[in-house]
Amino acid sequence: MGAVNKTTIKEQVYNVLKHKILHQQYQLGEKINIDALAAELQVSNSPIREALMLLARDGLIVTVPNNGARVISFTEKSFVEIAQTLCAMLRGSYLLCVELEKTQEIVKCMEKHIALQHNALNTHNFHELVRQSILFDKSIISASENSYFLSIYERIEDVFYLMILHNNQNGLQDCQKSIKEHEMILYNIRQNDVEQVLRWLSIHYDKHFEKTILP
């Protein structure tokens, strides 16, 4: 007898919506039509509203009074603040890893994810490239073995994913630049050059906001 599937309708709807948002089937700022979604998924409005509450908790949607739920959109201020937050977390986690002598763990993990970034770039798999880019950065957080750092990072990981998608609108050129910055971060971690690692993390997260036309 197989394992019982205990996934609730709310969780299934949550996973469907999250996939749509992260794979840009819903664009930044786009309004989510609950009635249309209920008809598409053949469910009532209740589990959709419950799933939207979970997505709001994750930071992927915002609910505007009398205007319904929309996928998040980035303002110049929020975009910069997310980049600053991630940079501060990674710099702090890296210094903790240096103190705990865990930099080799970072190197081993980063080598795997940068190789997978190159593979994704060569096969033009943009979403996999973004996923591996996030895992590359997460290598520092994971190596620190600090559960609080990891919990905070994972709470904004999906928003970070959307931010990278938004920040790579120029396609191949942006992706190659990001990989080059990752290579410099990895090189300097191998060299135990703390100052240069911190410098390249700052360079990598010096993101410039670009406006997109919203629906």
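## Aromatic pairs and a helix crossing

Tyr153, Phe160 and Tyr205 form one aromatic cluster. The model is predicted, so local features need pLDDT of at least 70 and side-chain atom pairs count only at pLDDT 80 or more, while totals for chains, interfaces and linings use all residues. Residues are numbered from 1 along each chain as its sequence is written, and side-chain values use heavy atoms, leaving out hydrogens and water.

The structure has three aromatic pairs. Rings of Phe, Tyr and Trp (its six-membered ring) pair if their centres lie within 6.5 Å; planes under 30 degrees apart are stacked, over 60 edge-to-face and the rest tilted. Two of the pairs are tabulated.

| Pair | Centre to centre | Angle between planes | Class |
|---|---|---|---|
| Phe74 and Phe79 | 5.7 Å | 85° | edge-to-face |
| Phe160 and Tyr205 | 6.1 Å | 35° | tilted |

Phe160 belongs to helix α8 (residues 157-167) and Tyr205 to the segment after α10 (194-204), so their pair ties together parts 45 residues apart in sequence. Helices are DSSP runs (H or I, at least four residues) numbered from the N terminus. Both Phe160 and Tyr205 are buried, meaning under 20% relative accessible area with a 1.4 Å probe and protein chains only. Phe74 is also buried, at 9%, as is Phe79, at 0%.

Helix α1 (residues 9-22) packs against helix α2 (residues 34-41) at about 115°, with the axes 12 Å apart. Axes are lines fitted to C-alpha atoms over the stretch in contact, and angles run from 0 to 180 degrees between N-to-C directions. The contact (heavy atoms within 4.5 Å) involves Val13, Val16, Leu17 and Lys20 of α1 and Leu37, Glu40 and Leu41 of α2.

Terms used: Buried means under 20% relative accessible area, exposed over 50%, partly exposed in between (1.4 Å probe, protein chains only). Helices (H or I, at least four residues) and strands (E, at least two) are DSSP runs, numbered from the N terminus.
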